[in-house]
Amino acid sequence: MTNSFNRDPINDYRANPGNPISFKDFKTDDAQGVDREHIEARTEENTLAIADLQHKLYADHNRSLLIVLQAMDAAGKDSTIRKVFARVNPQGVQVKSFKKPTPDELAHDFLWRVHMHTPRKGHIALFNRSHYEDVLVARVDNLVPESRWSKRYQVINGFEQALVNGGTEIIKIYLHLSKDRQREKLQDRLTDPEKNWKFEAGDIQTRAKWNDYMHAYEDAITNCNTEHAPWYIVPTDRKWYRVWAISEIVRTTLERMDPQFPEPKLDPISALKLLEQLQ
Ligand code: ATP
Ligand code: MG
């Protein structure tokens, strides 16, 4: 799809499968020459279209959509979810935030806690962090040996393929934030009393390992960027641009899925007659 902004997120930000991913090739800010007011109006339209498509997906009760969001701290995963899904019926959308695993979760294989949150038919599931943490923080912080995390890419591809085979569409989005912009956003969390609660001491330790994280992300995206479960690398430094780009990717994916209201279970005319007879 082309639009008046001369940007096409579903193609422009799709990581190319088969090629090693380097973040150098992807912008963290791509808003130059783009009119903010215009794009915000389009975002609003997209949120309405997403709600409409979700309604049909729910009624159709046949397929489902899984959206994986991954990013460094303070990139804006939460606000993206809030904005892009502002209009949907909460009954058909589940958000799951994956935090540090509990002892019980750690006592199982890494997908154990993930599988139960995949979307049921007719639903959209949003993963705020995901099974990818097990090849990101697990690798950077040496939570498991390399011999273990390095085998997980293949396991993830198989897992995602199984979900797709079962009727789930998968899109995975990396919110590509620059290191400078992260500093500003972490500073905001410390200076704005309403944001203080979001700040974690661990954010500083994680930031200190920025380069290790970037390598881990590049490898994760390279190894798990399949045709059946693509990765998108979305410029994230500007909130309004990021929210618009992600709303385009979600809308276009749902349009491609093309959910339809199902055929009525019985003939509506004769059912109406029956109803009248009962009066
Ligand atoms: P924000 O972007 O607003 O900071 P967040 O997603 O970082 O939100 P937090 O509660 O701050 O939410 O952090 C969740 C933490 O859980 C992250 O540090 C993440 O690395 C960690 N985590 C998630 N999954 C795993 C996992 N499988 N193994 C170890 N740590 C994990
Ligand atoms: Mg955090």
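**Second largest pocket.** I looked up which element gives the most to the lining of the second largest pocket in this predicted model. Helix 2 does, with five residues. I then listed the elements that contribute two or more residues to that lining: helix 2 (36–60) and helix 12 (239–257). For the volume of the second largest pocket I noted about 210 Å³.

I went through the lining by name. Arg36, Glu40, Thr43, Glu44 and Thr47 are among its residues. I also wrote down Lys83, Ala86 and Arg87. Lys239, Trp240 and Val243 line the pocket as well. Sorted by type, the lining has six charged, three nonpolar and two polar residues.

**Ligand 1, shell.** Next I turned to ligand 1. I found 17 residues around it. Those that come nearest are Asp73, Lys77, Lys99, Arg129 and Arg189.

**Ligand 1, polar contacts.** One lies 3.1 Å from a polar side-chain atom of Asp134.

**Ligand 1, cover.** Last, I looked up how much of ligand 1 the protein covers. On its own, ligand 1 has 640 Å² of accessible area. The protein covers 83% of that.

Terms used:
Residues numbered from 1 in each chain as written. Chains lettered and ligands numbered in written order. Predicted model: local features only at pLDDT ≥ 70, side-chain atom pairs only at ≥ 80, totals over all residues. Heavy atoms only, no water. Near = heavy atom within 4 Å. Polar contact = N/O pair within 3.5 Å; in protein donor to acceptor, adjacent residues only side chain to side chain. Areas by Shrake-Rupley, 256 points an atom, 1.4 Å probe, with all protein chains shown as cover. 1 Å grid on protein atoms, 1.4 Å probe; cavity = no way out; pocket = protein on both sides within 12 Å on 5 of 7 lines; lining within 4 Å. Points joined across faces, edges and corners; volume = space filled by probe spheres on them. Helix = DSSP H or I, 4+ residues; strand = E, 2+ residues; numbered from the N terminus. Nonpolar A, V, L, I, M, F, W, Y, C, P; charged D, E, K, R; others polar.
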